[in-house]
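Please keep the sequence and the structure at hand while reading.

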Amino acid sequence: MKTIYLHVLDKGWVSFQYTNISELEEEFAQRGIEVGDGCELGDDCKLGDGCKLGDDCKLGDGCELGDGCKLGYGCELGA
């Protein structure tokens, strides 16, 4: 199980647990977050509203991305 934090209005950062990133599709859609094919997110990642992650993007544990962040194909941060 992995944990990701997404911003929830009037609550701040809220943790969501998942095994496969596709389980969070609805939560991402509500926030305008797009995650490309083959993306890997480390534990405790924080994604701001409107983030767009390209195919095969890899984010290490504890990564924080602000609102409107865009990462291209094959990007690796702290992975």
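Glutamate 34 lies in strand β3, residues 34-35, where strands (E, at least two residues) and helices (H or I, at least four) are DSSP runs numbered from the N terminus. The model is a predicted one, in which local features need pLDDT of at least 70 and side-chain atom pairs count only at pLDDT 80 or more, whereas totals for chains, interfaces and linings use all residues. Residues are numbered from 1 along each chain as its sequence is written, and side-chain values use heavy atoms, with hydrogens and water left out.

**Glutamate 34 and the parallel sheet**

- Glutamate 34 counts as partly exposed because its relative accessibility is 46%; buried means under 20% relative accessible area, exposed over 50%, and partly exposed in between, with a 1.4 Å probe and protein chains only.
- Strand β3 belongs to an open sheet of three strands, ordered β3-β6-β9 with parallel pairing, and its edge strands are β3 and β9 (70-71), each of which pairs on one side only.
- Two bridges join β3 to strand β6 (residues 52-53) in the parallel sense, two strands being counted as paired if DSSP finds at least two bridges between them.
- Within this pairing, glutamate 34 stands opposite lysine 52 in β6, and the side chains of glutamate 34 and lysine 52 make a polar contact at 3.2 Å.
- A polar contact is a pair of N or O atoms within 3.5 Å; within protein, one must be able to donate a hydrogen and the other to accept it, and residues adjacent in sequence count only if both atoms are side-chain atoms.
- Leaving aside residues up to four places away in sequence, glutamate 34 touches Cys51, Lys52 and Leu53, a contact meaning heavy atoms within 4.5 Å.
- Lysine 2 is 32 residues from glutamate 34 along the chain, and the C-alpha atoms of the two are separated by 18 Å.

- β1 and β2 pair in the antiparallel sense over seven bridges, and tyrosine 5 stands opposite serine 15 in β2.
- Three residues lie between the strands of the β1 and β2 hairpin, in which aspartate 10 takes a positive phi near 65°.
- Arginine 31, found in helix α1 (residues 25-31), counts as buried because its relative accessibility is 12%.
- Arginine 31 touches Leu6, His7, Val8, Phe16, Asp49 and Gly50, when residues up to four places away in sequence are not counted.

**The nonpolar core**

- The largest nonpolar core has 20 residues, of which Ile4, Leu41, Leu47, Leu53, Leu59 and Leu65 touch the most other members; such a core is a set of buried Ala, Val, Leu, Ile, Met, Phe, Trp, Tyr and Cys residues joined through side-chain atoms within 4.5 Å.
- Two or more residues of this core come from each of β1 (2-8), β2 (12-18) and β5 (45-47), and β1 gives the most, with three residues.
- Leucine 65 touches Lys46, Leu47, Gly48, Cys51, Leu53, Leu59, Leu71 and Leu77, again not counting residues up to four places away in sequence.

**Cysteines without disulfides**

- A search of the whole structure finds zero disulfides, a disulfide being a pair of cysteine sulfur atoms within 2.5 Å.
- The sulfur of cysteine 39 is too far for a bond, because the closest cysteine sulfur, in cysteine 57, is 4.8 Å away.
- Cysteine 51 is likewise in no disulfide, with the nearest cysteine sulfur, that of cysteine 69, 4.9 Å away.
- Cysteine 39 is buried at 12% relative accessibility, and cysteine 51 is buried with a relative accessible area of 0%.
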